[in-house]
Amino acid sequence: PPKKARAARKKAAGPARLPADLKLALTCAQDKQAIDITILDLRNASAFTDFFLICTGANTKQVQAIADGIEKGLKDAGQPP
């Protein structure tokens, strides 16, 4: 099928299932009050990673707390950041 048809079918099927480590990172970011959270699925692109989790904070200290929280949560679960 043409790319447009495949993309429409994929979009209609709903969001892709997220891996457990990505869900954990998302939860850690939410726990630190991250805003504008976006997840980019790069599995079909020629990238060095499968996903990017992008978020912002209200100030530098909050952004650092978000990053630290994600790293600690993943480390505690035995996952690399």
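A pocket, as the word is used here, is an open set of grid points where a 1.4 Å probe fits, with protein on both sides within 12 Å along at least five of seven lines. In this predicted model, the largest pocket has a volume of about 440 Å³. Among the 16 residues that line this pocket, Leu22, Ala25, Phe51, Leu74 and Pro81 are the closest to its centre.

**Lining of the largest pocket**
- Two or more lining residues come from each of helix H2, strand S2 (51-56) and helix H3 (60-76).
- Helix H3 makes the greatest contribution to the lining of the largest pocket, giving four residues.
- Sorted by class, the lining of the largest pocket holds 11 nonpolar residues, together with two polar and three charged ones.

- Leu40, which belongs to strand S1 (residues 35-41), counts as partly exposed because its relative accessibility is 35%, and partly exposed covers the range between under 20% for buried and over 50% for exposed.

**Positive phi outside glycine**
- Gln33, although not a glycine, has a positive phi of about 65°, and this residue is found in the loop between helix H2 (20-31) and S1.
- Gln33 has a relative accessible area of 55% and is therefore exposed.
- Asp36, which is not a glycine either, has a positive phi of about 50°, and its place is in strand S1.
- Asp36 counts as exposed because its relative accessible area is 60%.

Key. Residues numbered from 1 in each chain as written. Predicted model: local features only at pLDDT ≥ 70, side-chain atom pairs only at ≥ 80, totals over all residues. Heavy atoms only, no water. Buried < 20%, exposed > 50% of the residue type's maximum accessible area, 1.4 Å probe, protein only. 1 Å grid on protein atoms, 1.4 Å probe; cavity = no way out; pocket = protein on both sides within 12 Å on 5 of 7 lines; lining within 4 Å. Points joined across faces, edges and corners; volume = space filled by probe spheres on them. Nonpolar A, V, L, I, M, F, W, Y, C, P; charged D, E, K, R; others polar.
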